[in-house]
Amino acid sequence: MNEVDPTAIGALGLLIPTVILLIVVLYVVPIPLWIAAWSSGAYVGLMTLVGMRMRRVPPATIVNARISAVKAGLNVSIDDLEAHYLAGGNVVRVVNALISADKANIEMPFKRAAAIDLA
């Protein structure tokens, strides 16, 4: 008769939860986004990205806005961008406004641009 090898069942029982755990970890920790931020010079920590996911903040929006700001020579913190998003603001629009103001030699602090966006 055909008997099932107990070690095969044990290996399968270990493989399935491992694959499920790997999928969950790769969803929660956006590795490609972390690599993009790191390689562009706008470093964001892995735990920061995980925290964004837990707070239901889209990490791609925040990180891409930070990359744009850093490439334009502006120093905008991840915390400021995330706080503005959580307040209901448009992070990309604020960063684009900061870049435009900087290119026009207009002094525009992040807090003022965020307040204008929220008004």
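# Briefing: a predicted chain of helices

Glu82 is found in helix α5, which covers residues 78–86 (helices are DSSP runs of H or I with at least four residues, strands runs of E with at least two, both numbered from the N terminus). This is a predicted model, in which local features need pLDDT of at least 70 and side-chain atom pairs count only at pLDDT 80 or more, while totals for chains, interfaces and linings use all residues. Residues are numbered from 1 along each chain as its sequence is written, and side-chain values use heavy atoms, with hydrogens and water left out.

**Overall build**

- The protein chain contains seven helices and zero strands, and reading along the sequence gives the pattern α-α-α-α-α-α-α.
- With a radius of gyration of 21 Å, well over the 14 Å that the globule rule gives for 119 residues, the protein chain is more spread out than a compact globule (the radius is taken over C-alpha atoms, and the rule is 2.2 Å times the number of residues to the power 0.38).
- Taken along the principal axes, the box filled by the C-alpha atoms of the protein chain is roughly 85 × 30 × 20 Å.
- Of the 119 residues in the protein chain, 33% count as buried (under 20% relative accessible area, with exposed meaning over 50% and partly exposed in between, for a 1.4 Å probe and protein chains only).
- When contacts (heavy atoms within 4.5 Å) between residues at least 6 apart in sequence are considered, 52% of them in the protein chain join residues at least 24 apart.

**The nonpolar core**

- The largest nonpolar core has 25 residues, and those with the most contacts inside it are Ile62, Val63, Val76, Leu81, Val95, Leu98 and Phe110 (a core joins buried Ala, Val, Leu, Ile, Met, Phe, Trp, Tyr and Cys residues through side-chain atoms within 4.5 Å).
- Two or more residues of this core come from each of α2 (31–40), α3, α4 (59–71), α5, α6 (91–103) and α7 (110–118).
- Once its neighbours within four places in sequence are left aside, Val95 is in contact with Ala65, Ser68, Ala69 and Leu81.

**Helix α3 and Glu82**

- Helix α3 spans residues 46–54, and its buried residues are Leu49, Val50, Gly51 and Met52.
- Is Glu82 buried or exposed? Glu82 counts as buried because its relative accessibility is 5%.
- Not counting residues up to four places away in sequence, Glu82 touches Met52, Arg55, Val57 and Ile62.

**The loop between α3 and α4**

- Arg56 lies in the loop between α3 and α4, and the place of Pro58 is in the loop between α3 and α4 as well.
- Although Arg56 is not a glycine, it has a positive phi of about 60°, and this residue counts as exposed because its relative accessible area is 73%.
- Pro58 is partly exposed, with a relative accessible area of 28%.
- Pro58 and Tyr85 stand 27 residues apart in sequence, and in space they are 9.1 Å apart, C-alpha to C-alpha.

**The loop between α6 and α7**

- Where is Asn105 placed? Asn105 sits in the loop between α6 and α7, and its relative accessibility of 74% makes it count as exposed.
- The phi of Asn105 is near 55°, which is a positive value in a residue other than glycine.
- As background for reading such values, most residues other than glycine have a negative phi.
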